[in-house]
Amino acid sequence: MLEQGKLLKIYVSENEKYEKKSLYLYLVHWLREKGVGGVTVSRGILGYGNDRMLKSARVLELSSDLPMVIETIDCKAKIEAIIPELCKIVPKGLVFTVDVEINKYGKAEINCADELE
């Protein structure tokens, strides 16, 4: 059964802090507290942001401030409900969503309609 959901992606700097913790780590715990189904954090090996400063994981150009990508997919209503607060937590970076169809989620079928009742 296909369910409508949202992909939430957040791009932040590896060194960005929130309440004296790494922002990406804070966000993982925050999303868990909000009941989001699952989160993945990926460390970029090369990239640049709004400041146009190139960050690289190459041995000769080792940077300790690489891009971090936090992503999750969950029911549309759940993701939309957390966006305003999330944008206050992320001082700079990129936060966006994309509509997706959820074909399978773990061992059980997902039913977003049940979560909204």
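## Close-up views of a predicted model

Let us start at a turning point: just after helix 1, Gly35 takes a positive phi of about 85 degrees. Helices here are DSSP runs of H or I with at least four residues, strands are runs of E with at least two, and both are numbered from the N terminus. The structure is a predicted model, in which local features need pLDDT of at least 70 and side-chain atom pairs count only at pLDDT 80 or more, while totals for chains, interfaces and linings use all residues. Residues are numbered from 1 along each chain as its sequence is written, and side-chain values use heavy atoms, with hydrogens and water left out.

**View 1. The buried side of helix 1.** Helix 1 spans residues 23-33, and its buried residues are Leu23, Tyr26, Leu27, Trp30 and Leu31. Buried means under 20% relative accessible area, exposed means over 50%, and partly exposed lies in between (1.4 Å probe, protein chains only). These five residues cover an arc of only 130 degrees around the axis, so they sit on the same side of helix 1. The arc is taken from the directions that run from the helix axis to the C-beta atoms. What covers them includes strand 1, strand 2 (17-18), strand 3 (21-22), strand 7 (67-75) and helix 2 (76-89).

View 2. The strands follow the order 4-7-1-8, and their pairing is antiparallel. Two strands pair if DSSP finds at least two bridges between them. Strand 4 (40-43) and strand 8 are the edge strands, each pairing on one side only. On average, neighbouring strands of this sheet are turned by 20 degrees against each other, direction ignored. Look for the antiparallel pairing of strand 4 with strand 7, which runs over four bridges; Val41 has Ile70 of strand 7 as its bridge partner.

**View 3. Helix 2 on the sheet.** Helix 2 packs on the sheet and touches strand 1, strand 7 and strand 8. Contact means heavy atoms within 4.5 Å. The direction of helix 2 makes about 25 degrees with that of strand 1. Axes are lines fitted to C-alpha atoms, for helices over the stretch in contact, and angles run from 0 to 180 degrees between N-to-C directions.

**View 4. Two aromatic pairs.** A search of the whole structure finds two aromatic pairs. Rings of Phe, Tyr and Trp (its six-membered ring) pair if their centres lie within 6.5 Å; planes under 30 degrees apart count as stacked, over 60 as edge-to-face and the rest as tilted. Tyr11 and Phe96 are stacked, because their ring centres are 6.2 Å apart and their planes are at 15 degrees. Tyr11 lies in strand 1 (residues 3-13) and Phe96 in strand 8 (residues 94-102), so this pair ties together parts that are 85 residues apart in sequence. Tyr11 is partly exposed at 30% relative accessibility, and Phe96 is partly exposed at 28%. The rings of Tyr18 and Tyr26 have centres 4.6 Å apart and planes at 50 degrees, so that pair is tilted. Tyr18 is partly exposed at 22% relative accessibility, whereas Tyr26 is buried at 16%.

View 5. Glu19 has a positive phi of about 50 degrees although it is not a glycine. Lys20, also a residue other than glycine, has a positive phi near 65 degrees. Glu19 is exposed at 54% relative accessibility, and Lys20 is exposed with a relative accessible area of 83%.
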